[in-house]
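Welcome! Here is a short briefing for anyone meeting this structure for the first time. Take a look at the sequence and the model, and then read on.

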Amino acid sequence: MSSSEAPPLVRVSGVTKTFGSITALDDVSVTFRSGVVHGLVGANGAGKSTLIKILAGAHAPDQGLVEIDGERVTLHSTLDSRRRGLGFIYQELSLVPKFSVLQNMAMGNWKHSAVGLLTWRDLRVRAREVLDMLGLNKPLDMRAERLSVADAWLVSIGRALMSDARLIAMDEPSASLSAEECRRLFGVVRSLAAQGVCVLYVSHRLNEVVDLCETVTVFRDGRVVDTLEGEAIDKPALVRGIVGGEMVPPAPAVPREATAGASDPALSVRGLRRAPLVNGVDLDIMPGEVVGLTGLVGSGRTEVTRMVFGADRPEGGEMYLDGKPYRPRSVVSAIRSGVALVPEERRSQALFLEQSIDFNIALPTLRSLRSGPLRLLSNRRRTRQSERMVKSLSIKTRSTQTPVRQLSGGNQQKVVMAKWLVGDCKVLLLDEPSRGVDVSARAEIYGVIRAQARMGTAVLVVSSEFDELKSCDRVVVLREGRVTANLGADEVSESAILAASFADHGDVHTTESSREETT
């Protein structure tokens, strides 16, 4: 029996999911069959991840149903989903670094003997069988932290296969892999499908989707807009579905210095490289300018900010600060040069949640708050400083001694910004600054950004949100670690950004006029 005639492994029918006023999925129906590599494509926020989280038991649909082997099911948790043969591998791999390969593969797959003891011997035999099938010849006792990214992916796939997963969803599996590692992964994907496993392949790399997938479902704005099969799957058709328009040649990326005045850029980046995600980025930000940096998952946006902030070392290229060579040896070096970063994960990367607002704001400027011959910290000066920033940024709190964990998401974000703005900040890097905050707080954060720009700070805003990008003076679009568009304020549109995000160098992308013609 062919895969198209076989009963579906998983069927999703009429599924709708909302988060407050946002509709993430709108009456979505899709079928997944055994032994098929099924692609899911769409722009950021199109609904792909929400559907996967519903299948994983992390979200419950508001409406609609999920069937497995023709039986309607309710997936209460990820454990419930795993027991039904569904496995999920996310871009941020969930291996425990200090655990061995075997321990990571055994997680969620514990087997017990009659007296309640773990049967490690059986787990070891099964793990070795799975890794041999995947072509990974690594010791089971090796710590996960010593694995390459590609090998860590194979171990994650192996963990799903330990429980005989019949469907494995892979979210952007090739985003951090080299070309050779990608070829190895693709071989594993094809092998899994040949053994009857359904592989959900989520990727923005459309060439991979065309080569690997037998069926592709296209999402746009929370809806399924197209399902392609076999020879009907090609890149132009996928881009038309994702963007909603036909294709025209793109305008070339124009370096900022070609149109700027005499002033030197506050930050200038030339040929910045760090394998595998940053492959020669040129970028300028003028004093007082707010530049948006965007692109799809794996385009290298965050990696660029980390190199500018000194968190990662570039493998090639040059950086200049106020026209002078800039080579930060560490985060501390970058901070002392006047470069600050507000990371995407503020709670885990930027804040001490149990400490006070006062404590968090003071961290980067502790040296300037010390006085006297013994260089003791002045609590009075620290409190005055934090009170001034709380007032300036309108942080809603009764006291600067309030633990940060008690603040709303928007006010936590303002605390992160405050700790950098209290000093001499020349370049402010913001990675998804409005993520997880409400509309009111978002507007206040934009106000803070604009106020800082008026003071002469160069601001780089990494964002996936169009509303955030259209408030920038200019938007730079990355595609696989290279700049594909440099859009002035009057050129910024959703279609232009999406087109540049999916276009290869010398490829084509949509414009607003071409969308209107097709509708």
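In what order do four strands form an open sheet, and is the pairing parallel or antiparallel? The order is 12-11-14-15, and the pairing is antiparallel. This is a predicted model, in which local features need pLDDT of at least 70 and side-chain atom pairs count only at pLDDT 80 or more, while totals for chains, interfaces and linings use all residues. Residues are numbered from 1 along each chain as its sequence is written, and side-chain values use heavy atoms, with hydrogens and water left out.

**The protein as a whole**

- The protein has 18 helices and 22 strands, taken as DSSP runs (H or I of at least four residues for helices, E of at least two for strands) and numbered from the N terminus.
- Of the 519 residues in the protein, 50% are buried; buried means under 20% relative accessible area, exposed over 50%, and partly exposed in between, with a 1.4 Å probe and protein chains only.
- Contacts are counted when heavy atoms lie within 4.5 Å. Among those between residues at least 6 apart in sequence, 65% join residues at least 24 apart.
- The protein exposes about 23,900 Å², with carbon and sulfur atoms supplying 48% of it; the areas come from the Shrake-Rupley method with a 1.4 Å probe, and for residues only the protein chains shown count as cover.

**The open sheet**

- Strands count as paired if DSSP finds at least two bridges between them.
- Strand 11 (residues 267-274) runs antiparallel to strand 12, and six bridges join them. R274 stands opposite V278 in strand 12, and a hairpin of three residues connects strand 11 to strand 12.
- Strand 11 also pairs with strand 14 (residues 316-321), in the antiparallel sense and over five bridges. Here R270 stands opposite E318 in strand 14.

**Strand 19 and its neighbours**

- In strand 19 (residues 427-431), five of the five residues are buried. V427, L429 and D431 lie on one side, with L428 and L430 on the other, and both faces are covered.
- Strand 16 (residues 339-342) pairs with strand 19 in the parallel sense over four bridges, and A340 has L428 in strand 19 as its bridge partner.
- Strand 20 (residues 458-462) pairs with strand 19 over five bridges, also in the parallel sense. The bridge partner of V427 in strand 20 is A458.

**A look at L228**

- L228 lies in strand 10 (residues 223-229). Why does L228 count as buried? It does so because its relative accessibility is 9%.
- Leaving aside residues up to four places away in sequence, L228 touches E214, T215, V216, I233, A237 and L238.
- L228 and L238 are ten residues apart along the chain, and their C-alpha atoms are separated by 8.6 Å.

**Space inside**

- Rolling a probe the size of a water molecule over the atoms shows where empty space is left.
- A cavity is a set of points, on a 1 Å grid over the protein atoms alone, where a 1.4 Å probe fits but cannot get out; lining residues have an atom within 4 Å of a point.
- The structure holds one cavity of 30 Å³ or more. The largest cavity has a volume of about 90 Å³, where volume is the space filled by probe spheres set on the points, and points are joined across faces, edges and corners.
- Of the 13 residues that line the largest cavity, R205, V297, G298, R479 and E480 are the closest to its centre.

Conventions. On a 1 Å grid over the protein atoms alone, a cavity is a set of points where a 1.4 Å probe fits but cannot get out, and a pocket is an open set with protein on both sides within 12 Å along at least five of seven lines; lining residues have an atom within 4 Å of a point.
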